[in-house]
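Open the model in your viewer and keep the selection panel at hand.

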Amino acid sequence: MRILVVEDERQLAELIGRVLRENSYDVDLAFDGATGLELAQAGVYDAIVLDRLLPEVDGLALCRQMRQDGVDTPVLILSALRDLPERVEGLDSGADDYLGKPFSFSELLARIRALTRRGERPVLPTVLRAGDVALDQHTRRVAVRERDVDLSPKEFALLELLLRNAGRVLSRDQILERVWGYDAEPEGNVVDLYIHYLRRKLAA
């Protein structure tokens with residue numbers, strides 16, 4: 001299952017991401033509301049863990065915009081604002097659950113499990129396709145016209161990102177953040193170089 005965590009406290013976001021990955025979730029991180037909204041609209045997630053107080057776009061505005069755009073992914077709001085009026089406002093914004101800070105990770109995991117099993121949600125596709133290219137997210141297999149293509153982990157992550165955003169223009173900075181990480185300092189034209197690698201392998 002894939003979880004989006006939108007949290008501006010980087011240390012906390014990375015800690016949540018690590019705990020989720022240790023519990024077999026795939027995780028994307030965003031550290032501001034604008035990036036979180038972009039990922040929520042572009043990606044396919046089983047749940048979103050959303051901080052309420054965010055820079056650029058706050059959590060409640062993000063949640064309302066998602067719902068207006070037809071994104072029905074379950075949302076769990078995290079917030080130090082934990083009194084009844086704040087919880088009611090959070091749920092009224094379109095969130096499915098509300099958890100006050102500080103919180104225990106065991107409760108966070110339990111709430112995520114509850115969200116992801118709630119209701120009849122369609123089974124998310126494990127195979128992403130574009131033309132003759134197919135990428136299986138579970139088996140990590142890539143094929144062109146049913147012939148396997150051997151990709152490095154970074155090449156696989158780059159192709160997965162492009163397939164999940166088919167039809168959308170992604171900037172170099174967006175690709176760097178999603179594939180190499182927000183804190184990465186890749187050298188030179190690494191994005192162009194890996195695009196070249198992908199094109200060469202897929203064309204072959």
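At roughly what angle do the axes of helix 6 and helix 8 cross? They cross at roughly 85° and come within 10 Å. Axes here are lines fitted to C-alpha atoms, for helices over the stretch in contact, with angles from 0 to 180 degrees between N-to-C directions. Helices are DSSP runs (H or I, at least four residues), numbered from the N terminus. Helix 6 and helix 8 therefore count as roughly perpendicular (65 to 115 degrees; under 35 is roughly parallel, over 145 roughly antiparallel, the rest oblique).

This is a predicted model, in which local features need pLDDT of at least 70 and side-chain atom pairs count only at pLDDT 80 or more, while totals for chains, interfaces and linings use all residues. Residues are numbered from 1 along each chain as its sequence is written, and side-chain values use heavy atoms, with hydrogens and water left out.

Select Lys154, Glu155, Leu158, Leu159 and Leu162 in helix 6; they meet Tyr194, Ile195, Tyr197, Leu198, Lys201 and Leu202 in helix 8. Contact means heavy atoms within 4.5 Å. By class, this contact has eight nonpolar, no polar and three charged residues (Ala, Val, Leu, Ile, Met, Phe, Trp, Tyr, Cys and Pro are nonpolar; Asp, Glu, Lys and Arg are charged; the others, Gly among them, are polar).

Stay on helix 8 and pick Ala203, which lies in that helix. Ala203 counts as exposed because its relative accessibility is 70% (exposed is over 50%, buried under 20%, partly exposed in between; 1.4 Å probe, protein chains only).

Next, show helix 7, residues 172–180, whose buried residues are Ile175, Val179 and Trp180. Looking down the axis of helix 7, these buried residues fall within an arc of 85°, so they line one face of the helix. The buried residues of helix 7 pack against helix 6 (153–164) and helix 8 (190–203).

The axes of helix 7 and helix 8 come within 10 Å and cross at roughly 75°, which means that helix 7 is roughly perpendicular to helix 8. Arg172, Ile175, Leu176 and Trp180 of helix 7 make the contact with Val190, Val191, Asp192 and Tyr194 of helix 8. Its residues divide into six nonpolar, no polar and two charged.

Finally, move to helix 2 (residues 33–42) and helix 3 (residues 59–68), whose axes come within 10 Å and cross at roughly 25°. Helix 2 is therefore roughly parallel to helix 3.

Note on methods: Helix = DSSP H or I, 4+ residues; strand = E, 2+ residues; numbered from the N terminus. Arc of directions from axis to C-beta.
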